[in-house]
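Visitor: I would like to learn how to read the features of a model like this one. Please take them in turn.

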Amino acid sequence: MKQYLDLCQTIIDQGTWIENKRTGKRCLTVINADLTYDVANNQFPIITTRKSYWKSAIAEILGYIRGYDNAADFRTLGTKTWDANSNDNQDWLNNPHRKGQDDMGRVYGVQGRRWQKPDGSTLDQLRKLVDNLSKGIDDRGEIITFYNPGEFDMGCLRPCMHTHTFSLLGDTLYLTSYQRSCDVPLGLNFNQIQVFFLLQIIAQITGNKAGQAYHKIVNAHIYEDQLELMRDVQLKRTPFESPKLHVNPDIKTLEDLETWVTMDDFEVTGYQCHEPIKYPFSV
């Protein structure tokens with residue numbers, strides 16, 4: 001929680017005003033933010049200075065693991081995070097690759113589970129990674145990336161948190177996640193939860209211990225229409241103690257995550273928070 005608040009204050013104090021071409025809005029921006037999450041001791045990095053919708057964040061990662069490419073499937077899991085980008089993004093609505101209502105195109109989970117090879121076959125990056133880590137193998141390339149520049153025009157959004165590198169030392173698993181761009185008031189807590197959860201769940205299904213998760217953000221920003229709420233409301237609130245995330249121990253394989261797992265298999269205990277803050281969202 002302190003890392004999050006410190007970054008928000010740093011952006012306000014030291015950020016540079018940049019106009020974003022996609023949204024047409026100005027934002028205060030800093031380059032290179034590094035955060036660390038202690039997954040080993042279950043120090044769940046959830047915001048307490050406003051309400052955090054942690055279930056939606058985990059549901060989104062679960063959808064990526066399953067390779068979903070349709071906002072309706074994400075809604076069934078319990079998150080509406082892809083509704084706007086799949087249905088309200090005018091550039092995507094005009095894109096000939098769009099298949100219809102709720103279609104997201106070849107983004108995130110599609111790249112992770114069905115990366116298109118030149119010969120027409122597909123590569124399942126996640127399957128290779130899980131198989132290796134389950135055998136205690138780290139070939140220094142236990143990486144899943146969603147960043148495929150050759151197919152940017154075939155999806156509704158370029159990936160923001162784009163690459164996840166797993167490192168195995170003995171029986172302890174570490175994760176380094178790379179993010180090119182981050183809407184800090186709205187997106188960062190989502191992304192913090194996802195980095196934490198991704199390490200925790202991959203460690204669990206590969207039979208390893210979870211260590212530290214390292215979250216590297218290139219461009220961290222606060223939009224102009226979010227600034228007052230962050231500076232005058234959220235940063236003036238006193239944070240509560242961090243809660244704990246509990247994962248159903250019966251989840252033991254990638255196939256479990258692909259089939260029967262629901263949001264009922266995850267629980268957060270000891271969560272206290274302040275009232276929600278309705279930050280503007282930029283499509």
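Guide: Start with contact, which means heavy atoms within 4.5 Å. Leaving aside neighbours within four places in sequence, tyrosine 64 is in contact with Phe74, Trp82, Tyr108, Gly109 and Arg113. The model is predicted, so local features need pLDDT of at least 70, side-chain atom pairs count only at pLDDT 80 or more, and totals for chains, interfaces and linings use all residues. Residues are numbered from 1 along each chain as its sequence is written, and side-chain values use heavy atoms, with hydrogens and water left out.

Visitor: Where is tyrosine 64 found, and is tyrosine 64 buried or exposed?

Guide: Helices (H or I, at least four residues) and strands (E, at least two) are DSSP runs, numbered from the N terminus. Tyrosine 64 is found in helix α2, residues 54–65. Buried means under 20% relative accessible area, exposed over 50%, and partly exposed in between, with a 1.4 Å probe and protein chains only. Tyrosine 64 has a relative accessible area of 8%, so this residue is buried.

Visitor: How many aromatic pairs are there?

Guide: Rings of Phe, Tyr and Trp (its six-membered ring) pair if their centres lie within 6.5 Å; planes under 30 degrees apart count as stacked, over 60 as edge-to-face and the rest as tilted. By this rule the count is 10 aromatic pairs. One of them joins tyrosine 68 and phenylalanine 74, edge-to-face, at 5.8 Å centre to centre with 85° between the planes. Phenylalanine 74 is buried, at 0% relative accessible area. Another pair, tyrosine 108 with phenylalanine 146, is tilted, with 5.4 Å between centres and 55° between planes. That pair links distant parts of the chain, 38 residues apart: tyrosine 108 is in the loop between α5 and α6, and phenylalanine 146 is in the loop between β5 (143–145) and β6 (161–169). Phenylalanine 146 is buried, with a relative accessible area of 7%.

Visitor: Which residues do ring pairs link into a cluster?

Guide: The cluster is made up of Tyr64, Tyr68, Phe74, Trp82, Tyr108 and Phe146.

Visitor: What should I look for in phi?

Guide: Most residues other than glycine have a negative phi. Tyrosine 108 has a positive phi of about 40° although it is not a glycine, and tyrosine 108 is buried at 7% relative accessibility. Aspartate 102 also has a positive phi, near 75°. Aspartate 102 lies in the loop between α5 (90–93) and α6 (109–113) and is buried, with a relative accessible area of 8%.

Visitor: How do I read a charge over a ring?

Guide: A charge sits over a ring if NZ of Lys or CZ of Arg is within 6 Å of the ring centre and within 35 degrees of the ring normal. The charged end of arginine 26 sits over the ring of tryptophan 17, 4.1 Å from its centre. For lysine 25 the ring is that of tyrosine 223, with the charged end 5.9 Å from the ring centre.

Visitor: Which residues of α1 meet which residues of α8?

Guide: Tyr4, Leu7, Cys8 and Ile11 in α1 meet Val184, Pro185, Leu188, Asn189 and Gln192 in α8.
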